[in-house]
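Subject: Structure for your review

Dear colleague,

Please find below the structure that I am handing over to you. My notes on it follow directly after.

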Amino acid sequence: MSVVAAPGAGYQISDPGQDRRAFRSALGQYGTGVAVITTLNGGLPVGMTVNSFAAVSLDPPLILWSVQNTSGRAPAFVGAQHFAVNVLSADQVDVSRIVASPQSGTGAFEQIEWTEGLAGVPLIEGAIARFECRTYDVLPGGDHQILVGHVERCAVAEGEPLLFVQGGYASASFPSSGTGAAASTEDTSPESEPAPFAQLVTAVNHRLSREFDEHRSRFGLSVGSSRVLKRLSTGPQTVDELVSSAFLGPQAIEDALSELIEENLVEVTGSGFRQTPQGRSLRLQVAENARRFNEAALSGIPEADVEAAYRVLTALARSEQPIRFHHTKENA
């Protein structure tokens, strides 16, 4: 057993009561799953994307999650007698974003697949676990309300969970080192089948983002604040617009904006938020580093292959058509 001579060496120690950004950053280091909480409000489906879901008790079976007091959807859940927790799978990032959007409201349920559960509460199709709950208690928790649910029915399906850590989405099958895009999830023997295209894209994205984090952190930017600063390069945006353009939830956007405003990189305007001159200067430096990083990442790959990859990925990124296919299931 070793003892550190200087307690806290290598750490940035802060008082969370005085430095909310540091507190949020520390919380962001703890990876969680992503769930959509659903209920009915006046007979209409309502949903909220959260990563605050946790188990409380096995006997009786209790779970909890929390909702911010200022959320426009808080009254629907605080006053609900029943709700459901839908644990999302790794391929349901779009579901998470659709429900998280402040503009979605009940319209989110016109864009995702769901069925009715106990008391008519929506159950998200494709979720890898679902907990149908009766509201057991609602407790005050600072600027949040803590909702405790008594689980009346649960269901589980095979699949990989969608994770959220350091302000971004992740997956349990992403490689933990740069030893190969699909090394952690695919059999690499000659007889193995090629990794699914979507899985390769996800794994490569995670690897490149992880390796670029080192360069990004030198500028004092988190993944979320860097993404928001980039989106503001096109002009002022509101929180709602940033949720859509930066592919982050409202809370992650607000956290990033708080960081950027504190560092004088972003300022508030009548039309939303915009970069300060200092923010524009930093963004240009980050962009130049990103350009050099991309060049290094693609070096050694034939130019024709790179151009083909760009065409495929651009087509997929621009497509607004949902991907539909016929499910097949073999009888045991």
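N264 is partly exposed, with a relative accessible area of 45%. In this predicted model, N264 sits in the loop that connects α7 (250-262) with β13 (266-269). Its phi is near 60 degrees, a positive value in a residue other than glycine.

A119 also calls for a note on its backbone. Although A119 is not a glycine, it has a positive phi of about 60 degrees. A119 belongs to the loop between β7 (114-116) and β8 (122-124), and its relative accessible area of 54% makes it exposed.

A further backbone feature concerns a proline. The peptide bond from D59 to P60 is cis, with omega near 0 degrees. P60 is placed in the loop between β4 (54-57) and β5 (62-68).

Helix α7 contains E259, which counts as buried at 13% relative accessibility. Which residues does E259 contact, leaving aside its neighbours within four places in sequence? They are R21, S222 and S225. β13 and β14 form a hairpin with two residues between them. Within this pair, V268 stands opposite F273 of β14.

Strands of a sheet pair through backbone hydrogen bonds, either parallel or antiparallel. Inside this sheet, strand β9 (residues 129-141) and strand β10 (residues 144-156) run antiparallel and are joined by 12 bridges. One example is R130, whose bridge partner in β10 is A155.

As to cysteines, how many disulfides does the structure hold? The number is zero. C133 is in no disulfide, and the nearest cysteine sulfur, that of C154, is 9.3 Å away. C154 is likewise in no disulfide, its nearest cysteine sulfur being that of C133 at 9.3 Å. A disulfide is counted here when two cysteine sulfur atoms are within 2.5 Å. Are these cysteines buried or exposed? C133 counts as buried at 2% relative accessibility, whereas C154 counts as exposed at 54%.

Finally, helix α6 (residues 239-246) has V239, L242, V243 and A246 as buried residues. Seen down the axis of α6, these buried residues fall within an arc of 105 degrees, so they line one face of the helix. The background is that an α-helix has 3.6 residues a turn, so residues three or four places apart point the same way.

With kind regards

Conventions: Residues are numbered from 1 along each chain as its sequence is written. This is a predicted model: local features need pLDDT of at least 70, side-chain atom pairs count only at pLDDT 80 or more; totals for chains, interfaces and linings use all residues. Side-chain values use heavy atoms; hydrogens and water are left out. Helices (H or I, at least four residues) and strands (E, at least two) are DSSP runs, numbered from the N terminus. Buried means under 20% relative accessible area, exposed over 50%, partly exposed in between (1.4 Å probe, protein chains only). Contact means heavy atoms within 4.5 Å. The arc is that of the directions from the helix axis to the C-beta atoms. Two strands pair if DSSP finds at least two bridges between them.
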